[in-house]
Amino acid sequence: MAFKELGINAAPLKGAMPTFRASIDAGELHTLCEKARSQKARLVALWGSDETTRGGGYALHIALAFPSGLLWLTVPLAREHPRYPGIADIYPSADRMQRAAYDLVGIHAQENPDHRKWLRHGAWPGGVFPLRKDFDIANCFPLAEDRYPFIKVEGEGAHEIPVGPVHAGTIEPGHFRFSIVGEKILRLEERLGYKHKGIEKRLETMTLEEGAKLAGRISGDSTVAYAWSYAMAVEGAAGGTEPPRRALALRGILLELERVANHLGDIGYLGNDVALSFGFFQFWRLKEDLLRLNAQLFGHRYLMDMIVPGGVAKDLSKREADLLLDRLEKIRVEVAALKLIYDEHAGAQDRFIMTGQVLPELAEKMGLAGFAGRASGIKHDLRVDYSVPPYQQLKVQLASHTRGDVAARVSVRFDELAESIRLIQELVRQLPSGDIRVPLADTVSGRYGVGWVEGWRGEILIALESGENNRIHRCHAHDPSWQNWPALQHAVIGNIVPDFPLINKSFNLSYSGHDL
Amino acid sequence: MYQLLKQIVKTGIKTEAAPPADDALRLLQQRLHEQILKHLGRALAIRHVDAGSCNGCELEIHATNSPYYNLERLGIKFVASPRHADMLLVTGPVSRHMETALKRTYEATPDPKLVVAIGDCGCNGGIFGENYASCGRVANVIPVDVAVPGCPPTPLAIMQGILTAISK
């Protein structure tokens, strides 16, 4: 079947989202990516795989988002010196992904100006690649010193502030190298990878069923989005197993509950970061109310392990559904009142407005994802772009802003919070009857499945290929933070150092989901 | 301002009772002298170190500062540097990339000090276990006084772990 946007043959994959897959030569890669970019296709993810156990060499994989769906391009690479023309000149966000693909699989992006390691620190030596099939997961190398050449800013009065990996607050670890003059940030360079704990390698030791629990722990604050994405990928690989309609509606409820909880918490912290501790206490009271409700209805405060391949693990009774509607309505009313207080608080707005700006043009170039992208004029939301259950009848309202500053991200978060509450209310009222889970068909080796879900932070992708005996051959997990971390480096330029925590929190990017 | 004050009055005080200590959570016998515990019990400074978690445990550590739990009312607060801390609250399986940072943070914390490991991963490596990139449980890297299981442990369980570490 022809994939009309690129004029190549691509096979539709089974699964919930419109997805196509094609194999291309390394020689065609650059031209096709240029063509895709000219049609405003987004780069969703880039990763590598080892195909040597299947008689091949290695492979590069690229996921591009088009209006008609996701195109998964595979580029077979040679066993000796696997290399391909890099695409970071077309899609800047590809730079770190290409470097990570080298660190883990040993496939080399040619003509990429940056050849520094990315996810590798000192846990394994250069020239050794953990995601190769001949690498044993238990293979523990002596810890080596991590030498990483940061880019230096020189000049009169310029100096550096190194921050992390252990940060001052309760935050995930990462390193930020600020080059500043006075209080003004001239340059920020991030160094991530501290949390790399071998998730993708670990998945390859698991069955498709077992992987669900680990997928739900790739990034704890997005456990529902990852679990759904993973389940969707497994269902696709199992020949298109369709979860019951009730299960799909429940998945929608769970995902929107996760979005509400995260926005409540972050909006509270954003108040705290501008000395409005009132906001922290009020929003964290509401968040706690919601977490307790989650525990009462589903048995887990963060809804972990609720979405499983084939459906969901827990049903919602009529009485529980009524309770959910009642409590959510209370939260909705309180949030509306608090929003007015935030909007009218001169001190908070003064700190929010024009701080940490990413203008639409830059956002488009960097491929800024999720709500942060929407706050910078990028009008994409998987729940809106593709009409698939359970969102197709709900007419999801896309929240949007164009100023791209902290205030815009706060505004989009408030809008999405209100919209998510509306969506949950609709989903609960229209909850179809029936089963909540169907058994998964046995799958054979070499089947592909894609999970693609709009999590609270942005689009999460799981690209899966099955192995022998219902096991995983390769499972790549992609967090939207890959796109947004580099944009944060731009957002802080010209701002003062004390505004960094505020700007950072307004994005609230994932370290664990990125480091894997 | 009127709306803000009205909201504060309307909300009232939400803080609930703190949990009791639980000796079952101990990995090591109490290392600290009674005299020191008397002081730590009223003014404890905690440095949190995420050594490789999925970030789930951090969500619940944040929640301990929410109005329902309000850890700070017990004289327990989070500080920005290990040099100011009496206790390290460590989450995660310790990734090998965080091994050095965690050891340095432990060394930078002045004696006498306590370590509380948070979550299933901190207790036993959890679902990530030990591999080329993960050291597994926190006690594999630094001495741990108290370990709090859960995925993630609730704010009350975390508070209980902290209070156990400073109990006799």
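Mentor: Let us begin with one pair of residues: B:Val116 stands opposite B:Val146 in β7(B). This is a predicted model, in which local features need pLDDT of at least 70, side-chain atom pairs count only at pLDDT 80 or more, and totals for chains, interfaces and linings use all residues. Residues are numbered from 1 along each chain as its sequence is written, while chains are lettered from A and ligands numbered from 1 in the order in which they are written.

Trainee: In which sense do β4(B) and β7(B) pair?

Mentor: The sense is parallel, over three bridges, and β7 of chain B covers residues 146–148. Two strands pair if DSSP finds at least two bridges between them. Strands (E, at least two residues) and helices (H or I, at least four residues) are DSSP runs, numbered from the N terminus.

Trainee: What joins β3(B) to β4(B)?

Mentor: Five bridges do, and the two strands run parallel, with β3 at residues 87–91 of chain B. The bridge partner of B:Met87 in β4(B) is B:Leu114. From β3(B) the chain crosses through helix α4 (residues 96–108) to β4(B), in a right-handed β-α-β crossover. Right-handed here means that, with the strands pointing away from the viewer, the path from the first strand over the helix to the second runs clockwise.

Trainee: Which residues of β4(B) are on each side?

Mentor: B:Leu114, B:Val116 and B:Ile118 are on one side, B:Val115 and B:Ala117 on the other, and all are buried. A residue is buried if 20 or more other C-beta atoms, placed from the backbone, lie within 10 Å of its own; it is exposed if 12 or fewer do, and partly exposed in between.

Trainee: Changing topic, how many residues does each chain give to the contact?

Mentor: Chain B gives 41 residues and chain A gives 44 residues. Residues are in contact if their C-beta atoms, placed from the backbone, lie within 7 Å. On the side of chain B that touches chain A, the elements giving two or more residues are α1 (2–11), β1 (44–50), α3 (56–63) and α4.

Trainee: Now to chain A. How many helices and strands has it?

Mentor: Chain A has 16 helices and 17 strands. Its C-alpha trace spans about 70 × 65 × 45 Å along its principal axes. Of the 516 residues in chain A, 56% are buried.

Trainee: What is the order of the open sheet of three strands?

Mentor: The order is β15-β16-β17 of chain A, with antiparallel pairing. Its edge strands are β15 (448–454) and β17 (472–478), each pairing on one side only.

Trainee: How many bridges hold β15(A) and β16(A)?

Mentor: They pair over seven bridges, and β16 covers residues 459–466. A:Trp452 stands opposite A:Leu461 in β16(A), and A:Gly449 stands opposite A:Leu464. The two strands form a hairpin with four residues between them, and A:Gly458 in the turn has a positive phi of about 155°.

Trainee: And what joins β16(A) to β17(A)?

Mentor: Six bridges join these antiparallel strands. A:Leu461 stands opposite A:His478 in β17(A). Here the hairpin has five residues between the strands, and A:Asn469 in the turn has a positive phi of about 50°.

Trainee: Is β16(A) mostly covered or mostly exposed?

Mentor: Mostly covered: eight of its eight residues are buried. One side has A:Glu459, A:Leu461, A:Ala463 and A:Glu465, and the other has A:Ile460, A:Ile462, A:Leu464 and A:Ser466.

Methods. Two residues are in contact if their C-beta atoms, placed from the backbone, lie within 7 Å.
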